[in-house]
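Hi,

Here is the structure I promised to pass on. Have a look at it first, and then read my notes on the pockets below.

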Amino acid sequence: MQGILGPLYPWLAPPLILGVAVLINQLLPDRWLLTHKLGTVADAIADKVIHPYRDGAQQRLAGLLAMMIILLPATGVLWAAISLAAYPEPFHVLLIALCLPGRAQQLEHRAMVSQLHSGQKGRARQALAPFTLRRTDNLSEVGLVKAGIESRLVHEATATFSWLLFYPLFGLELAFAIWLIQQLARQWTPLKSRTRFFGQGVARISHWLQLPVNALLALTLSLYGRPLAGWRELKGIKQALPGGVHWPQIAMAHHLGAQLGGPWMLEDRRLERPRLGPPQTPAAHHLLRADKLLQLARWLWISLLLLGGGALAMALNGAL
């Protein structure tokens, strides 16, 4: 690829690699994706390390050390493999494709729409359960639609859009490390009682990493909706969510013309969360509209990276 692109390689290779990785990811079976394998490893380590009799500070330190146990070997092996590879680009493509979220949730959303239309709320609750932290066994149809859209936004922000932002900026190793931290923060979320202290350190790092991704994603989604209405609502929010996850939710709500957010049931606790967007209740078809918008936003980012990188490369090389 370097021989073909010549001096344009540093600017055009990242968006081309990302575009090919996104296409390949859509073809991969869900069981091949690294998110599930990482979740198994993270659970096994948490089972070994978490001891309820330890105080909060000890559990927080244990969580950070557990993160380093996963992070350092994984990125070290990746760095060595890339350094030794004669043609690293196919390796970049394959690794990114395995880290992206895949099509599973999108396909489940299509099934959920049919199930909700035919009154099969029980099956829709089971279909959504693997993708959200909140309890789904007591969700109404409106709650299922909200949970589906919100969880898809979180998955896409912490996986797809995180790669689209950090890979061109920092390269494969650091972007992979950031992806690992984001996935561990979700697996060890402090919202659950078992990992309440254990996951706090990882969640704090994840918070700062999510802010630029969610800000840019919210800006992108607002282009398809009502940006001024979203901005006015954002200024009035009194209960900010970690990592700015409510920013893209507000933009999505105003695009759909339907409300998102509201209280969660997690384990046996009710978590108060702000209601976002216009007061109209969402319907099943909003799931498909939200998925379509996220696909458009994904390809808009890749196109802008390609066009911006090409223009910058040509300007720096005196072609413009």
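Let's start with helix α3, which gives the most to the lining of the second largest pocket: 7 residues. Keep in mind as you read that this is a predicted model.

That second largest pocket has a volume of about 630 Å³. Its lining is made up of 29 residues, and the ones that lie nearest the centre are Thr35, His36, Pro130, His155 and Arg186. Besides α3 (34-49), the elements that give two or more residues to this lining are α6 (104-117), α8 and α9. If you sort the lining of the second largest pocket by class, you get 11 nonpolar, 12 polar and 6 charged residues.

Now for the largest pocket. Its volume comes to about 740 Å³, and 32 residues line it. To find its centre on your screen, look for Leu133, Thr189, Leu191, Gln210 and Pro242, which lie nearest to it. Two or more lining residues come from each of α8 (141-170), α9 (172-187) and α10 (200-222).

Which element has the largest share of this lining? That would be α10, with 6 residues. By class, the lining of the largest pocket has 13 nonpolar, 12 polar and 7 charged residues.

Cheers

Terms used
Residues numbered from 1 in each chain as written. Predicted model: local features only at pLDDT ≥ 70, side-chain atom pairs only at ≥ 80, totals over all residues. Heavy atoms only, no water. 1 Å grid on protein atoms, 1.4 Å probe; cavity = no way out; pocket = protein on both sides within 12 Å on 5 of 7 lines; lining within 4 Å. Points joined across faces, edges and corners; volume = space filled by probe spheres on them. Helix = DSSP H or I, 4+ residues; strand = E, 2+ residues; numbered from the N terminus. Nonpolar A, V, L, I, M, F, W, Y, C, P; charged D, E, K, R; others polar.
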